[in-house]
Amino acid sequence: MMSPLISFFIGVVTTLFLLSLPKMVEIISELLKSKINKYFESKKIVEQNLDPILKSLDELAAKLYSIIIDDFKYFSSNKSISELEIPADATTINTLYLFAQFWCRLEIFRKESLFVNMSKDKRGKKIIDFIYCIESNRIQILRRSVQRAIGETLIVRHENRYECMDYKKFAELLISKEEIEKWLDPLHSILCKSFVNTQHRQKIVKYFMILHAMIDTLDYKHESTRNRKSLFNKLNVKSKRDLKYRVFKKYLSFIPNPKFYYSGIKSERHPPFKF
């Protein structure tokens, strides 16, 4: 038989447990509710931003694909950014806009997810991984601060949402010598130098390869984007090595078939990344 002391102790513990049970249930319920709310909040932000990001990404990738195929002949002119005119320099202005539009979409995503843990959503986590990659020192076209400033310059507040400035407004601001010209001048300079400078050319080709991988990952069925061939033959040995050992091992290790982007080899044994 149990001693009176042990019986008393068990009785006290049982009573305390029963009294605290509703509070414990309430705490657990609140924790679960908070976790569920955070999951749906991150999912909502991804749903709102994924398609605009993909479309701006696809437009930029299409333009870069065409530029690279034609060996950067688009930028054989020695015009400075202040000398650009419409419609004579429409191709150059459009290229600047497509870069700015893509960076703008990334900034909108960054602003709307500022207080949300995006790792709760697989797609959100992958977008962040790609942003870290394209903003890394060895990959970025411009310094991160300049890229973000360009993106923010195109943000337009529309009711309760952020939107991206349209092409017509962008072109008018650029031609009218507004402040946006100062931010875009470094990008224009790199694009123009890419016609004769191998280093700048390879930087843009590597950037395109990462955009290509981003499209194939975030839209593997290509419902909003186009499926493209690899331009691995436009990479030099150093760029292939950077992609192989730095990009796809350090930043984008989740890519199922990285060889496709730096060697053109597409293995059927590696299915596309699925969310």
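In which helix is the place of isoleucine 69? In this predicted model, isoleucine 69 belongs to helix α1, which covers residues 4-69. Apart from neighbours within four places in sequence, isoleucine 69 touches Leu231 and Lys234. Lysine 234 lies 165 residues away from isoleucine 69 along the chain, yet a distance of 8.3 Å separates their C-alpha atoms.

A helix pair comes next. Two packed helices are described by the angle between their axes and the distance between the axes. Helix α2 (residues 90-112) packs with helix α3 (residues 122-134) at an angle of about 130 degrees, and their axes are 12 Å apart. The two helices, α2 and α3, are therefore oblique to each other. The crossing of α2 past α3 is left-handed. On the α2 side, the contact is made by Phe102, Leu106, Phe109 and Arg110, while α3 contributes Gly124, Ile127, Ile128, Ile131 and Ile134. By residue class, this contact of α2 with α3 comprises 7 nonpolar residues, 1 polar residue and 1 charged residue.

The cysteines complete the picture. The structure contains 0 disulfides. Cysteine 133 has a relative accessible area of 0% and is therefore buried. For cysteine 192, the relative accessibility is 18%; because buried means under 20%, cysteine 192 also counts as buried.

Note on methods
Residues numbered from 1 in each chain as written. Predicted model: local features only at pLDDT ≥ 70, side-chain atom pairs only at ≥ 80, totals over all residues. Heavy atoms only, no water. Axes fitted to C-alpha atoms, helices over the stretch in contact; angles between N-to-C directions. Helix = DSSP H or I, 4+ residues; strand = E, 2+ residues; numbered from the N terminus. Parallel < 35°, antiparallel > 145°, perpendicular 65-115°, else oblique. Left-handed = near helix turned anticlockwise from the far one by under 90°. Contact = heavy atoms within 4.5 Å. Nonpolar A, V, L, I, M, F, W, Y, C, P; charged D, E, K, R; others polar. Disulfide = S-S within 2.5 Å. Buried < 20%, exposed > 50% of the residue type's maximum accessible area, 1.4 Å probe, protein only.
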